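Please read this briefing alongside the sequence and the model. It takes up charged side-chain pairs, aromatic pairs and the annotated segments in turn.

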Amino acid sequence: MPKKKLSGFLFLLVLLSCNTSRSEHQTPSAINGTLDLRNWDFSSEKIPSLSGEWRFYWKEFLPKNSEEGSAPILVNAPSVWNSIQVEGQEIGSHGFATYRLQILLPESADPFYLRIPDQGTAYELHANGKLLTSAGKVGKTKSETIPNFKHHIAELPKSQAVDMILYISNFHNRWGGYWYPIQIGTFDTILSAKERASILTFILATAEGVMAIFNFVLFSFRKKDRSPLFLGIHSALIFIRTLTSDTRASYDLFPYLPWEFLYRLEYLSIYLTSPCLLAFMNETVRSVFWKKYGQYIMLPYYASSLLVIFSPNQIFTLTLVPLEIYNFLIPAPLWLFLLVKSVWSKTEDAALLLIGFAGVNITIINDILYQHYIVNTGYTIPYGELILLFTYSTVVAKKSSLSFVRSEGLSERLKILISSTQRIMLSTSVQSASQVALNDLSLFLGFLPDHASMYFPEKDSSSWKRFLFREEADQIEEGRSEGPLSPLSESVLSSVASPSFIEDRIILPIKRDERTFALLELPIRNSDYLSKEADLIEGISYALALSIQNLIRLDREKLAVIGELAAQIVHDIGHHTFLLQNLLNNIIQNAAQNPRAMLDQAKRETDALTNLSVDILEFAKNKILLELKEVNLEEFLSEIKKDLELFFQEKNIDLLIQSDPIEKIWIDPMRIRRMILNLAKNADEAMGGKGIFSIRVAKESGCIYMIFEDNGPGISEEAKLSLYEPLLKSKKPKGAGLGLSIVRKIVLAHGGEILVDSEPGKGSRFTVLLPE
């Protein structure tokens, strides 16, 4: 690389590093414990943070609604509290405190939101006396405190004046306090900022993880060259650091891992990256001096890493700053000198190594300045690592042998296959899954997706139907003779069992359970592709087959849900139509003593049937919207008695109804009536139309008890396990076994619960508990 280009690239690195800072002074800062944001334009791109002068109460958890506690001191935050002086002495690492800030906000129809990063090392955040969020558990002693790093988004109370109280306790780390700025803004801006940070972490971690795997694969093919091994370990360590720092993604991904373990892992990833990086460079640009003295120069890194593993937090965290100073006094300048000397002597690959080394060290300097609140750029070492990985991977690629080139190609295809498989499996239809597969294959193999097609067998499997892809409409259309390729004969299509080159195309069979259910036709005229890219082609076609298989299964599940809903509706309709039939028969046969009462009851049944149109939507959404009313219990039970007497009219069932003296209850009378009818019908079917069915209503401790008993054959313990399942298969001569599923949904919608007490041969008792 020409020296002019090299110097220009290094200058660009410095310029980018300097320009990444967005100074906090451009946004308002708190003064005397008050942050005035009334004139701030929250629609701007900048997001203000809760920075500036906070009121600070050391060793005091200020009551949430109190005006003041002891005399506060003003501290500039965010910053660690170690150097804060209380009564003339620095407070040190461990303890607990309250931070307090008054926030003045503009009038807004929408609430404001906070984006809260991790704090040191457990916190609770309150606003106007309300707990917004927390991480870990705050306490006044080490035994009471549980540290944790969590990033949260919290909604502020709708008020133009917000009293913010932040409790922080730290007994497990060398640094404590409100150390990272809390941002405030609208929901969209806060969510966007969080998503950007999460996406960036995911992208960087993925890139570093892939490069680690890639270099380990390279090393497995050629173990004599150890440079990929050291670079792979270095990439893996940066991958760990990306997950354990900044957004603290590892604390969300692995919540079951102890905080202490993840924190030590972060320090190890920092301390061991330099030895691995310098070992890689020595493998690439040999240095006699480093070969002789390098291991001695690395001893402080190894010793610090051992302290991280075996010593307590208060000890190993002491090594961070001295090791940073040591790195920029000896190893970094030494290797910078060695690389510049190698570039000057035109050593192969030295220029690329210098670019990567300079990039990563600039970002390391930025991270040190960020940790000490000198700049507000955030962690940038992953960007430097991307530059380093790019340049150093180029060096590794240049050193590869011909056999290694093949392994590199396989790795690239593996990444393409993984990416393609992910997008295929996320598709929501056969058309979109096929389109994704075609687009990926077309980009790699060089054909137009519109020129591809798919064949699906007819029911008899002896003939095939051809479909053409239409990329603009994202769909496939039937077309036997259209398209750039002439259709293949039925016999040729039926004989394809594996990826095959036929005439001027590649045919890929899409299989399920060893049976071909589709053929993918690709207009590729070069048969070499089939041998060279067989793994990629077969991998994508297999992913497409799995996706189609899953989509078919999902369609079946959707149909099953629809069938369940329909069965529930039919089950309910059966109750009401049966009652209507009895009423009409009585009226027609002039058996009714009071035809008007019979007609009123028939109208109630038709009203209940009308109500089912709403229930269809409610059951489909798996929830019930109640119409609660104050109901006279005596009148309600009287109507229920008439309904059940009519229901049991032609049966040998004795009906008993008892109630405590309860005047009014709050229920949805239509749905409670349906619940009782369902229980009565289940009891009738269980008893075979002969027995005793009783209802007793009682009130105790603010709870309404409805107890339904029968003297039927009872329920086995095994049957109880699936008693409320909506698709319970019943052995009863009538019904679909769905009544109790409906009953439980109605009870839960009322905020109640249903209990069953039954043994084989001893009847059944269902107790419905409803809030008063």
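The count comes to 14 salt bridges, a salt bridge being a side-chain nitrogen of Lys or Arg within 4 Å of a carboxyl oxygen of Asp or Glu. The model is predicted, so local features need pLDDT of at least 70 and side-chain atom pairs count only at pLDDT 80 or more, while totals for chains, interfaces and linings use all residues. Residues are numbered from 1 along each chain as its sequence is written, and side-chain values use heavy atoms, with hydrogens and water left out.

**Salt bridges**

- Asp-36 and Arg-38 are joined by a salt bridge at 2.8 Å, N to O; Asp-36 is partly exposed at 34% relative accessibility, and Arg-38 is partly exposed at 46% (buried means under 20% relative accessible area, exposed over 50%, and partly exposed in between, with a 1.4 Å probe and protein chains only).
- Glu-753 and Arg-744 form a salt bridge whose closest N and O atoms are 3.9 Å apart, with Glu-753 partly exposed at 31% and Arg-744 partly exposed at 28%.
- In the salt bridge between Glu-759 and Lys-762 the closest N and O atoms are 3.4 Å apart; Glu-759 is partly exposed at 40%, whereas Lys-762 is exposed at 64%.
- A network of salt bridges links Asp-118, Arg-248 and Glu-266.

**Aromatic pairs**

- There are 26 aromatic pairs, counted where rings of Phe, Tyr and Trp (its six-membered ring) have centres within 6.5 Å, with planes under 30 degrees apart taken as stacked, over 60 as edge-to-face and the rest as tilted.
- Phe-56 and Tyr-99 form an edge-to-face pair, 5.0 Å centre to centre with 65 degrees between the planes; this pair links distant parts of the chain, Phe-56 lying in strand β2 (residues 52-58) and Tyr-99 in strand β6 (residues 95-104), 43 residues apart, and both residues are buried.
- The pair of Phe-149 and Trp-259 is edge-to-face because the ring centres are 5.6 Å apart and the planes stand at 75 degrees.
- Phe-149 counts as buried at 0% relative accessibility, and Trp-259 counts as buried at 7%.
- One aromatic cluster includes Phe-149 and Trp-259, with Trp-179, Tyr-251 and Phe-316 also among its members.

**Annotated segments**

- The unreviewed UniProt entry annotates "transmembrane region" over several segments, including residues 228-244 and 325-344; positions follow the numbering used here, feature names are shortened, and annotations may be inferred rather than shown by experiment.
- Residues 228-244 are 100% helix and 0% strand, with end C-alpha atoms 24 Å apart, and residues 325-344 are 95% helix and 0% strand, with end C-alpha atoms 28 Å apart (helices, H or I of at least four residues, and strands, E of at least two, are DSSP runs numbered from the N terminus).
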